[in-house]
Amino acid sequence: MTFQGHPSGGDPYRFGTEAFYAALGRAFVAMCAVVPVLFAIEALDVWLAAGFDPAAGIIPKRIDGLDGVFFSPFLHHGFDHLYSNSVPLILLGTFVLAAGTRRFLWSTLVIILISGLGVWFTGSSNSVVVGASGVIFGYLGILLTRGIVERSWWNFAVVLLVGLLYGWQLVGVLPTDEPISWQGHLFGLLGGVVAAILLRRRRPGLDDPYRSESSLTGP
């Protein structure tokens, strides 16, 4: 497959270019569209008393709870839980998605698998785990690791901003007596690290499919 050069707006992965801000804007709109879908799912669960959480959440160490690995990120323990996840999901997801749709989708899948399976193997069998927190911590892990392996200083800047806004939540990767899944947070963060390494962009001059992808009109 032959790719043409970067559009006139410049490299969408280079901070400060017109193409970069355009990609960032599209990613922000896309992530803002995801949150209403999560609210719609939660509204159906609450108003119809559908019981989505026990039916599709992760139930650790039980085969009938294994499908929750894929479904649990779309479910929440009430609107307060969803509210608390919405802003960091949009913020972190925007910067991860701006680096390319294909990378974003594969990275999210890796995070969901590692976070969900980590919860299933190590969580309490008396619990039902739902929520997008594992994915959020995964996106944080991606941005932090990309800053290192891709030498991207603006990824570090995003992580610093998020740290200033939500740094206190990072203790969520440690065991606690609170009714939250610290395992989901921890394995989500690890999933983000793995995804960032597996799907990293090569340095200029190397044969890198993700660099070629940046030559398209959009991420």
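A nonpolar core is a set of buried Ala, Val, Leu, Ile, Met, Phe, Trp, Tyr and Cys residues joined through side-chain atoms within 4.5 Å, where buried means under 20% relative accessible area, exposed means over 50%, and partly exposed falls in between (1.4 Å probe, protein chains only). Keep in mind that this is a predicted model, where local features need pLDDT of at least 70, side-chain atom pairs count only at pLDDT 80 or more, and totals for chains, interfaces and linings use all residues. Residues are numbered from 1 along each chain as its sequence is written, and side-chain values use heavy atoms, with hydrogens and water left out.

So, on to the core. The largest nonpolar core here has 31 residues, and Leu 92, Tyr 139, Ile 142 and Leu 143 touch the most other members. Helix 1 (18–47), helix 4, helix 5, helix 6, helix 7 (153–166) and helix 8 each give two or more residues to this core; helices are DSSP runs (H or I, at least four residues), numbered from the N terminus. Helix 4 is the top giver, with seven residues. Leaving out residues up to four places away in sequence, Leu 92 touches Ile 136, Tyr 139, Leu 140, Leu 143 and Val 162, where contact means heavy atoms within 4.5 Å.

Now for two helix pairs. Axes are lines fitted to C-alpha atoms over the stretch in contact, and angles run from 0 to 180 degrees between N-to-C directions.

| Pair | Angle | Axis distance |
|---|---|---|
| Helix 4 (residues 79–97) and helix 6 (residues 133–149) | about 30° | 9 Å |
| Helix 5 (residues 101–122) and helix 8 (residues 182–198) | about 145° | 8 Å |

Helix 4 and helix 6 are therefore roughly parallel (angles under 35 degrees). Their crossing is left-handed, that is, the near helix is turned anticlockwise from the far one by less than a right angle, with clockwise being right-handed. Among the residues making this contact are Leu 89 and Leu 92 of helix 4 and Tyr 139 and Leu 143 of helix 6. By class, the contact has ten nonpolar, four polar and one charged residues; Ala, Val, Leu, Ile, Met, Phe, Trp, Tyr, Cys and Pro count as nonpolar, Asp, Glu, Lys and Arg as charged, and the others, Gly among them, as polar.

Helix 5 passes helix 8 in a right-handed crossing. Residues meeting there include Ser 107 and Gly 118 in helix 5, and Phe 187 and Gly 191 in helix 8. This contact divides into seven nonpolar, nine polar and no charged residues.

Finally, a loop residue: Ala 49, between helix 1 and helix 2 (52–56), has a positive phi near 50° without being a glycine. Ala 49 is exposed, at 65% relative accessible area.

Methods. Parallel < 35°, antiparallel > 145°, perpendicular 65-115°, else oblique.
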